[in-house]
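Dear colleague,

I am passing on a structure that you have not worked with before, and I would be glad if you could look it over. My notes on it come after the display.

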Amino acid sequence: MRLDKHLHQCLGISRSQASQLLKAGRISVNSLIIKSGAQHVTEQDSILLDDKPLDTPGEKLYYFMLHKPQGYVCANGDASHPGITRLFDLPCASELHAAGRLDADTTGLVLVTNDGQWSHRVTSPRKQCDKTYRVWLAEPVSPETEEIFAKGILLRSETQVTRPAQLATITLQEVLLTIHEGKYHQVKRMFAAVGNHVERLHRERIGELVLDADLPEGSYRELTPEEISLF
């Protein structure tokens, strides 16, 4: 592990703060003053701050609820869109990833963590973790759509129908859709399969966890222990 990352984990400081400690000559590794954060260290090394040993905790695990805005991707970013970790003004931002993805033009609830096992529990098809989306449509929803989705629908390029989904109508062109799987662009493809088009898409819920109504777009908060244990 890099020395600056080790200092970040042990002391809870940013990389720039770790760099300041190093430049000041306050960090020694095996009795040698080290001023480069790129120095690699192991558990066997003796690392001191002002001649006092550092505690060596395991990696701290982070769990966040993010209200994703449009224009961000749930990855490291691409030529057209920044990644969601750019929204996190935290030293741990580079360690985070999304537990499940939303398209760049989709808003709403994203769970963000550095815990790979927890992330897998959220996204594993075996868990059948249901997700609820608010959907704005180009055309009025047809009366038979609810029954079609409840039975399952065969999407283009798929060999099996979707799992039964629940559709609740708010207005003729605004609905709530709950699905129990995560096929590629599934909500958009489901409505396309019945001759409609999704104009806007917003995820409100993952499992039992609902996006905070008062959390602004682009903002995040840590999950409570009770929320973390839901997955």
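This is a predicted model: local features need pLDDT of at least 70, side-chain atom pairs count only at pLDDT 80 or more; totals for chains, interfaces and linings use all residues.

The chain has six helices and 13 strands, and buried residues make up 43% of its 231 residues. Its radius of gyration is 23 Å, whereas a compact globule of 231 residues would have one near 17 Å, and the C-alpha atoms fill a box of roughly 75 × 35 × 30 Å along the principal axes. Among the contacts with a separation of 6 or more, 64% are between residues 24 or more positions apart. The chain exposes about 12800 Å², of which carbon and sulfur atoms supply 48%, and the mean positions of its 26 positive and 30 negative charges lie 4 Å apart.

Helix α5 covers residues 186-193, and its buried residues are Gln186, Val187, Arg189, Met190 and Phe191. The elements that cover these buried residues include the strands β8 (131-137), β9 (166-171), β10 (174-179) and β11 (198-206), together with helix α4 (145-151). Just after α5, Gly195 takes a positive phi of about 80 degrees.

Val41 sits in the loop between β2 (32-33) and β3 (47-49). Val41 counts as buried because its relative accessible area is 4%, under the 20% cut-off. Leaving aside neighbours within four places in sequence, Val41 is in contact with Met1, Arg2, Leu3, His6, Val29 and Ile47. From Val41 to Pro53 there are 12 residues in sequence and 14 Å in space, C-alpha to C-alpha.

Notes:
Residues are numbered from 1 along each chain as its sequence is written. Side-chain values use heavy atoms; hydrogens and water are left out. Buried means under 20% relative accessible area, exposed over 50%, partly exposed in between (1.4 Å probe, protein chains only). Helices (H or I, at least four residues) and strands (E, at least two) are DSSP runs, numbered from the N terminus. Contact means heavy atoms within 4.5 Å. The radius of gyration is taken over C-alpha atoms; the globule rule is 2.2 Å times the number of residues to the power 0.38. Accessible areas come from the Shrake-Rupley method with a 1.4 Å probe; for residues, only the protein chains shown count as cover. Lys and Arg count as positive and Asp and Glu as negative; His and the chain ends are not counted. The place of a charge is taken as NZ of Lys, CZ of Arg, CG of Asp or CD of Glu.
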